[in-house]
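I opened the notebook with the structure on screen. These entries go through what I looked up, one topic at a time.

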Amino acid sequence: MNAHATTAHHHGPAPGLLRWVTTTNHKDIGTLYLWFSLLMFFIGGSMALVVRAELFQPGLQIVDPHFFNQMTTMHALVMIFGVVMPAFVGLANWMVPIMIGAPDMALPRMNNWSFWILPFAFTMLIGTLFMEGGGPSAGWTLYPPLSLQGGNSLPFVIFAIHMMGASSIMGAINIIATIMNLRAPGMTYMRMPLFVWTWFITAYLLIAVMPVLAGAVTMLLTDKFFATSFFSAAGGGDPVMFQHIFWFFGHPEVYILILPAFGLVSEVIPTFSRKPLFGYDSMVYATASIAFLSFIVWAHHMFTVGMPLAGELFFMFTTMLIAVPTGVKVFNWVSTMWRGAMTFETPMLFALGFVVMFTIGGFSGLMLAMTPIDFQYHDTYFVVAHFHYVLVPGALFGIISGVYYWLPKWTGRHYNETLGKWHFWLSTFFVNLLFFPMHFVGLAGMPRRIPDYAVQFADFNAIATIGAFGFGFAQILLPVIVVMSILGRKKAPARVWEGAHGLEWTLSSPPPYHSFSPQPVVRSRII
Amino acid sequence: MNASPRAARAFSARLSALLFAFAPPAFADWGLNLPRGITEISRDVYLMHMVVLWICVVIGVAVFGVMTYSIVKHRKSVGAKPAQFSHSTTAEIVWSVVPFFILVAMAIPAAKALIKMEDSSNSELTVKITGHQWKWEYEYPDYGIRFFSNLGEASRKARELDSGIDPRTVPNYLLEVDKPMVLPVGTKVRFLLTSNDVLHAWWVPDFAVKKDAVPGFIREMWTVVDEPGTYRGQCAELCGRDHGFMPVVVEAVSAAQFDQWVVAEQTAAAAEAGAADRAWTISELMERGQAVYNTNCVACHQANGQGIPGAFPGLVGIEDKLTLEQHLDVVLNGVPATAMQAFGAQLSDADIAAVVTYERNAWGQQKEEMLQPSEVRAAR
Ligand SMILES: [Cu+2]
């Protein structure tokens, strides 16, 4: 590692396109991850629009239900594994070394590999849609026995998931190795920026649970092709066992999708409030508590499978407990704003949107935690509304906030603030038009994952579809603004934002090809 | 750009949600809230739902209120100077401990309700529910009654892709069945729930009863229906292509009407058993066969018999690919590890004879090959 760090800064990027294939530079790889995530965002988003278009009116007008199921399944897989996770890894690649005063990531060659697995994995995954019999259609949770029926896409999907898992695990190992070994002198753990902390914890979650997912899908594979009966009662297995294993992965996965976003808004809100983050220590402990709790709440995704009463009570109590550290986070963000001197540039707008709408998703999460009421909510649009509030104006707004926050740092050019604000206001208006009515139809009894519905759900579904198309088209602003910033002329200074303090703002905009060499010395907490 | 309209909108959205929630009659058509339902459990659940919703609303108004105040007052453009405090141990303890006690207060009634919901002892009637792709089977073991409950015919026609039928003209679109479950009111009914193929979930919102049907396992749940009426729900667990088209309809009637229904069902079952003893004509078989096909087979194999390439095989020309015996064997025993079920357990001898005859003559060469119900009985 040291040998690499000392030799590498003598040369710049390789010329031409080969630069992007052979690069071991954390910023290049971060850029690749982010562009990949953006591309997948539009692919996964188009699938959601197919779903919403079909649901615009009662009756079937556009697609066969079998294809509809492929769209819902693929939309989720692409958005989770292809958009949110790579975007976080991209942000980590770009910013973690800079924020801790390191020259690069600790394992640069593995870094290259963990990115370049992804395009192949997703080509294979999305390619299954063109196979005879179509792609996976049993939902992203791949519950057997349904996922074992149907065409021959399953082994391809499973192999793609294995590749994504390997990529995530390598990315996580790299982030942990970087944070543990390459911090600048004086950058103690309790001085690290919150984004670094949340990613540090997230990386451990990834290493803990991605192998569990790999195990679960491998058991599906052997059940289908090698005559095992892990999930078939006829051979002594149990379909519900898959759900236990899946959600033992799946619930920590939910926090993998949100903890780095907590870190992002914890960077943005202090900057634009011109005030230190409130309760740094409790933010770190709350993140760690949420990560711990994520391992003992998994069965709240499956309250209706018919668990013993004791199990239902245990998982209800532990799940409700998550509200405490999550509440601490929200209160701390609001306290950070309190008596600050706020300005409302685009990153701050997205961060504020995050706090409000993530909290709405948190409230519906608390309602879902209550087992007896969950029996009514379970597998309805109320759940769809809940997790989309947490993931779209939650995780995604967090990512977009981070992108606007650091975009001038990356490109060395300011982005167009007016267009950024348009992006925020259009996104916020349409995202609520899209997801808020889903609470109502869910409570009124509309099950999720259905291509057609009873006519009393028609009005809210029509509204949601209008919201979906509005939200989808508003997102075109994002690549437009990014490209305008890359091509722009308005140069950004090293410290882009008046209230910004981290180490990243001590480097030029854009930063040198090899970030910190020699490393800076940190004397106090700098957020 | 001013940020307060955003917070204001979030607030007004919550407020209007509230107003809607508390005026159910005026907004009933829009379907905004959980139904209060017609069982003791469903009313408990509804009450708990409203209480938790209100707790969330109050906390939300407080948090977003403070945030909005801060956004309005503590902005640089109105000359705010940033304070530099970065923690307050007292505040942090308060907002960890107070929510904890609110949660405990919510958990206690929830645990009580849950214990009540899981106690299916002392039931007076048992109904066995079996999920199938894509229909429900109801069995009353005490009375020897067993039947399937399929999506109603009007909905089935309207739901086809580009059917040209406006679903708004179909009464209870997607929530109507050909034969509902019938229950007596005021009786503790225990449901035994299982599945024949993949996971399903049986759900009636008005009963606040929902549980997954798991193949190979039997789950229990129960209800006592207070008021006579027709109660509708849907399958709530993704179960394949026609997951959206397997509704649940329960007819709750008085005890006397229930007894009459039992007698009528038993008489009809005896008549059907006799149908296998006589020889059927080709037109009788084709007519019955088309009805059976449209109820049980059309979802996968399609009305034109073409199937869905790669997912569900076509049946056109099957009379050349399979002998009559092979064809009958597939229908009776299914094809393992596919969506093709063993219909022998689901359909009567006459139904199976009719549907096999139909499939061999409907689209292909029409050789008028026939299968008689008595042959099916012999092959079982
Ligand atoms: Cu079903």
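In which loop of chain A is A:Pro145 found? I found A:Pro145 in the loop between α5 (108-127) and α6 (154-181) of chain A. Helices here are DSSP runs of H or I with at least four residues, strands are runs of E with at least two, and both are numbered from the N terminus.

**Ground rules.** I am working on a predicted model, where local features need pLDDT of at least 70, side-chain atom pairs count only at pLDDT 80 or more, and totals for chains, interfaces and linings use all residues. Residues are numbered from 1 along each chain as its sequence is written, chains are lettered from A and ligands numbered from 1 in the order in which they are written, and side-chain values use heavy atoms, with hydrogens and water left out.

I checked the bond into A:Pro145. The peptide bond from A:Pro144 to A:Pro145 is cis, with omega near 0 degrees. The bond from A:Ser509 to A:Pro510 is also cis, with omega near -5 degrees. A:Pro510 sits in the segment after α18 (477-487) of chain A. Then I looked at A:Arg449. A:Arg449 is not a glycine, yet its phi is positive, about 60 degrees. A:Arg449 lies in the loop between α16 (417-443) and α17 (458-474) of chain A.

**Domains, chain B.** I noted the division of chain B into domain 1 (40-77 + 87-118), domain 2 (125-273) and domain 3 (278-379). The bounds come from an automatic or database domain assignment. The centres of domain 2 and domain 3 of chain B, taken over C-alpha atoms, are 25 Å apart. Their contact takes 14 residues from domain 2 and 16 residues from domain 3 of chain B. Contact means heavy atoms within 4.5 Å.

**Five-strand sheet.** I traced an open sheet of 5 strands in chain B, in the order β3-β2-β1-β5-β8, with mixed pairing. Two strands pair if DSSP finds at least two bridges between them. β3 and β8 (219-224) of chain B are the edge strands, each with a single partner, so one side of each has no neighbour in the sheet. Neighbouring strands are turned by 25 degrees against each other on average, direction ignored. Strand β5 (residues 188-195) of chain B runs antiparallel to β8(B), and 6 bridges join them. B:Lys188 stands opposite B:Val224 in β8(B). α5(B) packs on this sheet, touching β1 (125-132), β2 (135-140) and β3 of chain B, and its direction makes about 90 degrees with that of β3(B). Axes are lines fitted to C-alpha atoms, for helices over the stretch in contact, and angles run from 0 to 180 degrees between N-to-C directions.

**Three-strand sheet.** What is the strand order in the open sheet of 3 strands? I read β4-β10-β9 in chain B, with mixed pairing. β4 (181-184) and β9 (229-234) of chain B stand at the edges with a single partner strand each, so each has one side without a neighbour in the sheet. The twist averages 25 degrees from one strand to the next. β4(B) pairs in the parallel sense with β10 (residues 247-253) of chain B, over 4 bridges. B:Pro184 stands opposite B:Val253 in β10(B). Helix α5 (residues 255-274) of chain B packs on this sheet, touching β4 and β10 of chain B, and its direction makes about 140 degrees with that of β4(B).

**Second largest pocket.** I looked up its space: about 1,000 Å³. On a 1 Å grid over the protein atoms alone, a pocket is an open set of points with protein on both sides within 12 Å along at least five of seven lines, while a cavity is a set where a 1.4 Å probe fits but cannot get out; lining residues have an atom within 4 Å of a point. Grid points are joined across faces, edges and corners, and a volume is the space filled by probe spheres set on the points. Of the 33 residues that line this pocket, the closest to its centre are B:Phe147, B:Glu272, B:Arg288, B:Ser348 and B:Asp351. α6(B) gives the largest share of the lining, 8 residues. By class, I listed 12 nonpolar, 9 polar and 12 charged residues. Nonpolar covers Ala, Val, Leu, Ile, Met, Phe, Trp, Tyr, Cys and Pro, charged covers Asp, Glu, Lys and Arg, and the others, Gly among them, are polar. Domain 2 and domain 3 of chain B each supply at least three residues of this lining.

**Cavities.** The structure holds 6 cavities of 30 Å³ or more. Of its 16 lining residues, the closest to the centre are B:Trp134, B:Arg159, B:Asp242, B:Thr295 and B:Ala299.
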